[in-house]
Amino acid sequence: MARTTESLYERVVQTTHIYLGPAADRFIDRQVQNHIHKEPSTLNEADLILLIDWIRVAVSLLTDDSEIVEEYILQLERLAHPKPIGKVHDGYSQL
Amino acid sequence: MSIRVYQQLSTQTKALLWASIWSIGYLILVVTLPANVTTMRQYHLSPEGFRILEILTGLPNIMVWFMSFYGYAALTEYTEKVSNSREGKSFASIARGLKWLAWGLPISACASAILGAVAWLNPGSVASALIASHYIYLIISLVAFTFISDGTRGLREIINRLPSKKSIRALIAGAIIISVTYCSITLNIVDSQHPNAYRLPLWLILLTIIIPYLYAWLMGFFAVFEISQYRRSVRGLFYKQALRLLASGTTCAIVASVALQYLTSSSLNLRHIDLNWTLIISYGIIITFAVGYILIAVGAGKLKKIEEV
């Protein structure tokens, strides 16, 4: 069980890494600790929906590009309900 | 009490306070000290004309000091946020180097004003004043570029990527062109004037001026290469956007700083150039320097925001 929750945290960080690079783990840790009030490693699927809402708010403060925000949120939502993955933003194409 | 108040100020407020102190100090020096005879002779200026020129060139310089102090302080504030991360130490080292470059501007301007006045009051000390001003600038440059280079090396180690063959060849070619051109210009100055502009024997010029300057500049250019390599290799859409500003700003600051040092260390060559052209070149360089620090401040601000939301 512990291994599954840890894996979810890691997958959330991995997805976030595409958008926030080296700041990803710190960003997720902050969101989980400040808004879910849990240790990041204990993150589970039930927390994910609330976490995604907070991440949407936080990332909207970093960019006005709602398309990228929605794309990021979609990637996170797929972690909660795994489905075949379509085209993933690689973090480079817009640079 | 006042120390406690100072300690409570933010890093950016402290930096701007220091910029204000330097600016006031510099203006007092310009107004009160006797005019620099060498420059007056060089451009055929009266003491009043020289003073007006000093203030006219000094005011834009002071604006650049404020921008550069603001820029390095913004980066320092970001590094305080990420001090425990892998890249934190590297960015802190770059911020320290940029701080030295920023502080180098008012330090060298004030030192130059004081030494110019000393040379006017005591003509026998012209040589000592010239030597001291050359070494002050050189020491600042060496320390600044060593910190920046340490920082960018740390960033390159994080991405663990070796430079490509093409980029190594380009770096070697660039290093040779800069070194040969600078040596040629400096030796030409030394050879054409008696006593020479540095008031030092040739071997001492070679060992303590030419080699250290080239060492510092090449470290600076390699740092530019390393930070751009880190920017290209690191992931993160928003992180990269902010980092691009920071890397471009650091590049502008380093290139402008090297150009300024190049110009200052071979300033006697400018005798052949019209005063207007000298001012245009100088302003071009300091504007590049200021733009660099503005980009650093904006980039560091964006990176800091990522760490705060």
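## Exercises on helix H4(A)

Asp65(A) caps the N-terminal end of H4(A), with a side-chain oxygen 3.2 Å from the backbone nitrogen of Glu67(A). This is a predicted model, in which local features need pLDDT of at least 70 and side-chain atom pairs count only at pLDDT 80 or more. Residues are numbered from 1 along each chain, and side-chain values use heavy atoms.

**Exercise 1.** Compare the span of H4(A) with the expected value.

*Solution.* Helix H4 of chain A covers residues 66-80, which is 15 residues. Its span from first C-alpha to last is 21 Å. The expected span is 1.5 Å times one less than the number of residues. That gives 21 Å, and the helix comes close to it.

**Exercise 2.** Describe how H3(A) and H4(A) are oriented to each other.

*Solution.* Helix H3 of chain A spans residues 45-60. The two axes come within 10 Å and cross at roughly 170°. Angles over 145 degrees count as roughly antiparallel. H3(A) and H4(A) are therefore roughly antiparallel. The contact (heavy atoms within 4.5 Å) includes Leu48(A) and Ile52(A) of H3(A), and Tyr72(A) and Leu76(A) of H4(A).

Conventions:
Chains are lettered from A and ligands numbered from 1 in the order in which they are written. Helices (H or I, at least four residues) and strands (E, at least two) are DSSP runs, numbered from the N terminus. A polar contact is a pair of N or O atoms within 3.5 Å; within protein, one must be able to donate a hydrogen and the other to accept it, and residues adjacent in sequence count only if both atoms are side-chain atoms. Axes are lines fitted to C-alpha atoms, for helices over the stretch in contact, and angles run from 0 to 180 degrees between N-to-C directions. Angles under 35 degrees count as roughly parallel, over 145 as roughly antiparallel, 65 to 115 as roughly perpendicular and the rest as oblique.
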